[in-house]
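Here is a short note for a colleague who has not seen this structure before. Please read the points with the model open beside you.

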Amino acid sequence: MTDDKGLRLALAERLVGSGHLRTDPWRAAVEAVPRHEFLRGGYFERTDSPGPTAWQPVFPDDPGWLGGCYQDASLVTQIAGTIVPRDIRGEILREPSSSSTLPGLVVRMLEDLQVEDGNHVLEIGTGTGYSTGLLCHRLGEELVTSMEVDPEVSIRARAALGHAGYAPFLIADDGLEGHPNGAPYDRLIATCGVTELPYAWVEQTRPGGIILATLSGWLYSSELARLTVGKDGTARGRLLGGQVSFMIARPQLPPPAGLLPDVDDGEERTTLLAADALDDWNTRFVAQIAAPHAQRLSLNRDGRAEHLLIDVDAGAWAAVVRDGETWTVRQGGPARLWDDVEETVTRWRADGAPGLDQFEVTVTPEGQTVTWSRV
């Protein structure tokens, strides 16, 4: 038994123990697909340096590299959209832009996709190619199509899949548009977050087929959704819960905040909704429904914190501050962001603050709606 085979078997055993790996076909895939082949270019690990988050590369000649490949952890493989481990000697402070998702989440999603033998699957977000390899082992490479928006990432994934013995159909293009030439698909899975599920995915999935995707937003609360496509061309399903988080698809990333508005200007009132209520994952998800294009920032002025919501494209903003035991909001622009957030969160709480697994998602040609069931 080679070292990597032992690590694969041990990883499968851990995933069974955690409840993420539930069926024999997917266990066989985890035991067979060598994750380290998809990390030959190295990965970044977080440093212990004080201050802003810093990352340093780990390469195959590092004694901890192989064991790290088989931890149930996400491993960053690209920083700031272009920087890979070989580009760095030392540390980097920029934000991650691509990663090999933790195997526990990958396997949980593949199990939740409910694939059956013979299913044709479209994967949005090839990444390193590890999840693509698992799909190939489970279904056969001829039934797997995978899309990646970054051409360089796609090239590296193709090489890694080849070394692992798989040759699925790979496409370097915007996955939000899907791949209509290969449709219809029995299953569609997205390994990136989306702020709104594209209707193109619904159109390219056969009636009765399943779409599995992470619904996110610019307030960065996200949940896994499983939708079934109906004969009427509408996709419906529920959030699955569990606070699943992915990097948002690049075409749907928020715009730069730019020059901040004059938050001393605007209409002012007291509010019953505290700004720190948005620290709660579920509450923040509900707030995203009300203000889907708002970003959240914090300022420290005159010794007190100001909490900002800004919709850059609309030119709307809200600044919420605490004054003793009360909260005050000032709002400006063509919309009243905090009014919308407060109304929606208050209505959700009045309905018993149902968990996100009680939320239903519907996608039609007119767009996406998210509702919840009253407790």
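1. Start with two helices. Helix α2 (residues 24-32) packs against helix α5 (residues 130-139) at an angle of about 125 degrees, and their axes lie 9 Å apart. Axes are lines fitted to C-alpha atoms, for helices over the stretch in contact, and angles run from 0 to 180 degrees between N-to-C directions. Helices (H or I, at least four residues) and strands (E, at least two) are DSSP runs, numbered from the N terminus.

2. A word on the basis. This is a predicted model, in which local features need pLDDT of at least 70, side-chain atom pairs count only at pLDDT 80 or more, and totals for chains, interfaces and linings use all residues. Residues are numbered from 1 along each chain as its sequence is written, and side-chain values use heavy atoms, with hydrogens and water left out.

3. Back to the pair. α2 and α5 are therefore oblique to each other. The cut-offs: angles under 35 degrees count as roughly parallel, over 145 as roughly antiparallel, 65 to 115 as roughly perpendicular and the rest as oblique. The crossing of α2 and α5 is right-handed (the near helix is turned clockwise from the far one by less than a right angle). From α2, Pro 25, Trp 26, Ala 28, Ala 29, Val 30 and Ala 32 meet Tyr 130, Leu 134, Leu 135, His 137 and Arg 138 of α5. By class, this contact of α2 with α5 has nine nonpolar residues, one polar and one charged. Ala, Val, Leu, Ile, Met, Phe, Trp, Tyr, Cys and Pro count as nonpolar, Asp, Glu, Lys and Arg as charged, and the others, Gly among them, as polar.

4. α2 also packs with helix α1 (residues 3-18). The angle is about 145 degrees, with the axes 7 Å apart. The crossing of α1 and α2 is right-handed. Residues making the contact include Leu 9, Leu 11 and Leu 15 of α1 and Val 30 of α2. The contact of α1 with α2 divides into seven nonpolar, no polar and four charged residues.

5. Which elements cover the buried residues of α4? They include α1, α2, α5, β8 (185-194), β9 (205-215) and β10. In helix α4 (residues 103-112), 10 of the 10 residues are buried, so the helix is largely enclosed by the rest of the structure. Buried means under 20% relative accessible area, exposed over 50%, partly exposed in between (1.4 Å probe, protein chains only). Gln 114 follows α4 and has a positive phi, near 55 degrees.

6. Now look at β10. Ala 225 sits in strand β10 (residues 223-229). Ala 225 is buried, at a relative accessible area of 1%. Leaving aside neighbours within four places in sequence, its contacts (heavy atoms within 4.5 Å) include Ile 211, Leu 239 and Val 361.

7. Then the sheet. Five strands form an open sheet in the order β12-β16-β15-β14-β13, with antiparallel pairing. β12 (267-271) and β13 (295-301) stand at the edges with a single partner strand each, so one side of each is left without a neighbour in the sheet. Strands β14 (residues 304-311) and β15 (residues 316-323) pair in the antiparallel sense over six bridges. Two strands pair if DSSP finds at least two bridges between them. Leu 309 has Ala 318 in β15 as its bridge partner.
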